[in-house]
Each structure stands twice: as C-alpha cells, then as structure tokens.
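Thank you all for making the time this morning.

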Amino acid sequence: MADEANNKSSKPFSVDIGGMRIRYKDKSECFTEDQLVSKEPFGQFKAWFEIACKTPGVGEANAVFLATATKDGMPSGRLVLMKGYGTDGFKFYTNYGSRKARELEENPNAAMTFFWEPLRRTVRIEGTVTKTSPEDSDEYFNSRPYYSQMGSLSSRQSTVIPNREFLIEREKELQKEWPGEKIKRPDWWGGYILKPRSIEFWQGQSDRLHDRIRFRRPNPDEKPDNHLVHEGEDGWVYERLSP
C-alpha cells in the first residue's frame, strides 16, 4: 500500500501557461537616460520608491525579496520589509538565528529585488551585508508595537516546531513576563544593512524590449567612455543593459 501511495504521489503532470501575459508599458512610456533624476542610484531609488508608495495596488512598497546563499553557493530567497535606506545602504531587521542570518554569516554577499507590479518596475540591488549597531537595533526594536516585539521574542525563526499552538503558548508565557511593557530587545535579534555595489532600474515594455539602466561601482582603472559606460556622481558609473 505504501508503494502504491508513493507511485500515486509521484505521478508526473505538466501545465502549459505560456499564454499568460499582461500588457506592460508601450513605446511612448520608455525609461531613458534623460529621465534619470539623479546620476547616482540612491536619488533615483528615492524618486521611484516615493512614486511606488503613492501608487494604488502597491500594498507594501518596502516589501523586498532578499536572496542569500551558503558558502557553497546554495541559494535561498524570501520577502522581508526594508526599514530604512540611504547612501549607506538598505536596512532590514530579523532574528540572528534565522536561515538568512546563518547564510549571511557564512557568505555576506546578497541581493534584493523590489517589484512594483502596477508600475511595471523592478529595482535589483547587489552588494554586501553587515549587521547594524546594537544602538540602531535597539532604536528600531523599541519603536515597534508591543505585539510585534512579542512576536519576535516568541519565535526562534526557522527552527522546527510541533504546531501553531506551541507559538501561542510561548507567547502567553512571555506576556506574563512582559505584561504590556516595552520589551527589551533580545541579543539574538537585530538589524542588517546591504551596502550596494550595483543597483539596476528595470521598467517593463509590452514588446519585451524592456528598459534596464544599471548603476555600479567601476572596476579598478576603468574610465567611462560616455558611450557605453557613463560617468555618474559620487563614484558611480551607469550603463544600459540589453533586456
């Protein structure tokens, strides 16, 4: 019977969804170099992010896919919420015992991808991740609502648990210990910041000739020719990529 069940569960199937497509931008709505609001990526990101925050249909403009990898190169990805950005990088907070934290300990290289579907826009960021300071982590943790703090305290993220009731009981125990008070940040929870070495701005076109403008740090001794590679600001160069 077990073999029969295994055979049924492994029955192959295939679904063709090749015809699924929606309309993107048309040729009158291209993203060209003269539309850059800044010749460095952080100012450009700020402009696009602020538009995304005001666009109906973008539920959480700060939701970002974070990709990490082990030291052997095995990748994993998940959604996190960006909680700050600037010329120093892009911040997020998590449990330092989580899978992503363990992978970042082994391999600090990571990537982020924002996708604002109603705008047909994506921002891809690649760089190196480090922990923020304890003071920064304290400041953000103390700004969180009580139940968000409690959730972080109750869950040892990525560990195996028997059922949901286990979390509920754990939370009840901690609520007795911290009854409606501001909770002290546990030392196993805190912030990270991704310092980018490249940031790509992508805008989708219906004819699939998508617009891709990438900012990156130049290679040693590289000199922009202002034909393929353009000199930007603050030590950045930018270039257009084929879609």
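If we sort the residues that line the largest pocket by class, we find six nonpolar, seven polar and four charged. Please keep in mind throughout that this is a predicted model, and that every value I quote is computed from it.

Staying with that largest pocket, the space in it comes to about 290 Å³. Its lining has 17 residues, and those closest to the centre are Tyr-93, Thr-94, Arg-144, Gln-157 and Trp-189. Which elements give two or more residues to this lining? They are β2, which covers 75–81, β4, which covers 89–95, and helix α5; of these, β2 gives the most, with four residues.

Helix α5 brings me to the second topic, the helix pair. Here α5, residues 146–154, packs against α6, residues 164–177, at an angle of about 115°, and their axes lie 9 Å apart. The crossing of these two helices is right-handed. On the α5 side the contact is made by Tyr-146, Tyr-147, Met-150, Leu-153 and Ser-154, while α6 brings Leu-167, Arg-170, Glu-171, Leu-174 and Gln-175. Taken by class, this contact has six nonpolar residues, two polar ones and two charged ones.

Is Phe-45 buried or exposed? Phe-45 counts as buried, because its relative accessibility is 0% and the cut-off for buried is under 20%. Apart from neighbours within four places in sequence, Phe-45 is in contact with Met-82, Tyr-85, Phe-90, Phe-114, Trp-116, Val-123 and Phe-201. As a sense of distance, Phe-45 and Gln-149 are 104 residues apart along the chain, and their C-alpha atoms are separated by 29 Å.

Phe-65, by contrast, belongs to strand β1, residues 63–69. Its relative accessible area is 45%, so Phe-65 is described as partly exposed, the class that lies between under 20% and over 50%. Once neighbours within four places in sequence are set aside, the contacts of Phe-65 are Arg-78, Leu-79, Ala-111, Met-112 and Thr-113.

Key. Residues are numbered from 1 along each chain as its sequence is written. This is a predicted model: local features need pLDDT of at least 70, side-chain atom pairs count only at pLDDT 80 or more; totals for chains, interfaces and linings use all residues. Side-chain values use heavy atoms; hydrogens and water are left out. Axes are lines fitted to C-alpha atoms, for helices over the stretch in contact, and angles run from 0 to 180 degrees between N-to-C directions. A crossing is left-handed if the near helix is turned anticlockwise from the far one by less than a right angle, and right-handed if clockwise. Contact means heavy atoms within 4.5 Å. Ala, Val, Leu, Ile, Met, Phe, Trp, Tyr, Cys and Pro count as nonpolar, Asp, Glu, Lys and Arg as charged, and the others, Gly among them, as polar. On a 1 Å grid over the protein atoms alone, a cavity is a set of points where a 1.4 Å probe fits but cannot get out, and a pocket is an open set with protein on both sides within 12 Å along at least five of seven lines; lining residues have an atom within 4 Å of a point. Grid points are joined across faces, edges and corners, and a volume is the space filled by probe spheres set on the points. Buried means under 20% relative accessible area, exposed over 50%, partly exposed in between (1.4 Å probe, protein chains only).
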